[in-house]
Amino acid sequence: METKITVIGAGAWGTTLASLAKANGHQVRLWSRQSSATLADVSADADIIVSAVSMKGVRPVVEQLRFLQRKEVIFVTATKGLDPSTTCTPSQIWQAAFPANSVVVLAGPNLSKEIQAGLPAATVVGSKDLTAAKLVQILFNSTRFRVYTNDDPLGVELGGTLKNVMAIAAGTCDGLQLGTNAKAALVTRGLAEIIRIGNHWGAKTDTFYGLSGLGDLLATCNSPLSRNYQVGYGLAIGKNLTEILTHLEGTAEGVNTSQVLVQLANEQGIYIPISAQVDRLLKGEVTPQAAVNSLMLRDVKPETDLSL
Ligand SMILES: NC(=O)C1=CN([C@@H]2O[C@H](COP(=O)(O)OP(=O)(O)OC[C@H]3O[C@@H](n4cnc5c(N)ncnc54)[C@H](OP(=O)(O)O)[C@@H]3O)[C@@H](O)[C@H]2O)C=CC1
Ligand SMILES: O=C(CO)COP(=O)(O)O
């Protein structure tokens, strides 16, 4: 059955999601703030509204859709970030604005350039409403895009969001040529840090071992296609942040996320050594090598106690 899908955000990810849905035979309208039609016009009869704007665009688009009263519309959010003013996740913003609607989070190891090139990929759709998640699963699933469901939307969303900070660290690690052992240690301890934060905020450990956690961490920590990785790499080879962001193709959400995350973790007493060093590096408070030294010189501790 043809479904009417409106995709908000014609950046790299919105364009890719729109083409995946279109290839499955659905009626897709792609909207950006450059479009001649209003968001209200293109959303008026949509069955599904997919938001693929960057974090800074989430509140503005939610505000433009406030008029929408149809409870049967399913919102799908594909943004990976934290709101700087409220520290909310994108799905929390959507759900607060549309309490009667189902909200589905879509996240996974999904470097858009690879998907655009027709390479196979997999993703997760997480929601408290599993019927809605299953519907979205069918809409996007294809021979080149395998979609799984998950009942822990917060875990799915935090996996995709927090790995961006680790991808900056991984890019730094590679830019400094610290080797494969260092990178493996960073990614493994990065996952432990993500799980510690996620558990504290109510997400399930198992979700972080899935595609949106470990999967996306592996993809972005190992691919020069990742914008977040590129930020870390650039800093490690001596570029400054402004210069890197000026030349970056698209958004590196980890830059904003690390700042929001460090503020929240400090308030809540969550131990986040890697993210804290990334934040200091981005703020120019520490050199890449000094950040590595700080991580290596910490007190020794057991490996498996996730609270440490
Ligand atoms: N690219 C990827 O591989 C993937 C990206 N993501 C996530 O998806 C999100 C978008 O990423 P991506 O598409 O790559 O980023 P881009 O920088 O390519 O695009 C960002 C999009 O957000 C829109 N936007 C920003 N601010 C506003 C606003 N105030 N009002 C309306 N629209 C706005 C931009 O509109 P305009 O063009 O008008 O500026 C643009 O369409 C990010 O959170 C990212 O982490 C998730 C999975 C994969
Ligand atoms: O989230 C992504 C892939 O899953 C895209 O990563 P970047 O935003 O770092 O490019």
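Student: Helices here are DSSP runs of H or I with at least four residues, strands are E runs of at least two, and both are numbered from the N terminus. With that settled, where is Gln177 found?

Tutor: Gln177 is in the loop that links α7 (153–175) to α8 (180–200). This is a predicted model, with local features needing pLDDT of at least 70, side-chain atom pairs counted only at pLDDT 80 or more, and all residues used in totals for chains, interfaces and linings. Residues are numbered from 1 along each chain as its sequence is written, chains are lettered from A and ligands numbered from 1 in written order, and side-chain values use heavy atoms, without hydrogens or water.

Student: OK, and what's the phi of Gln177?

Tutor: Positive, about 55°, although Gln177 is not a glycine. Most residues other than glycine have a negative phi.

Student: Which loop holds Thr87, and what's its phi near?

Tutor: Thr87 sits in the loop between β4 (74–77) and α4 (90–97). Its phi is near 65°, again a positive value in a residue that isn't glycine.

Student: Switching to ligands. How many residues surround ligand 1?

Tutor: There are 24, meaning residues with a heavy atom within 4 Å of it. The closest are Trp13, Arg33, Ser112, Thr251 and Glu253.

Student: What's the class breakdown of that shell?

Tutor: Nine nonpolar, 10 polar and five charged. Gly counts as polar in that scheme, and Asp, Glu, Lys and Arg as charged.

Student: Which helices supply at least two residues each to it?

Tutor: α1 (12–23) and α3 (55–64). α3 gives the largest share, four residues. Domain 1 (4–151) and domain 2 (161–296) each provide at least three residues of the shell, with the bounds taken from an automatic or database domain assignment.

Student: Which side chains have a polar atom by an oxygen of ligand 1?

Tutor: Two of them are Thr251, with an N or O atom 2.6 Å from a ligand oxygen, and Arg33, with a polar atom at 2.9 Å. Alone, ligand 1 exposes 890 Å², and the protein buries 85% of that; areas are Shrake-Rupley with a 1.4 Å probe.

Student: Now ligand 2. What's around it?

Tutor: The residues around ligand 2 include Lys80, Asn110, Lys163, Asp216, Ser226 and Arg227. The shell has three nonpolar, five polar and four charged residues. α10 (211–222) and α11 (227–236) each contribute at least two residues to it.

Student: Where does ligand 2 lie relative to the domains, and why?

Tutor: Ligand 2 lies between domain 1 (4–151) and domain 2 (161–296), because both give residues to its shell.

Key
A polar contact is a pair of N or O atoms within 3.5 Å; within protein, one must be able to donate a hydrogen and the other to accept it, and residues adjacent in sequence count only if both atoms are side-chain atoms.
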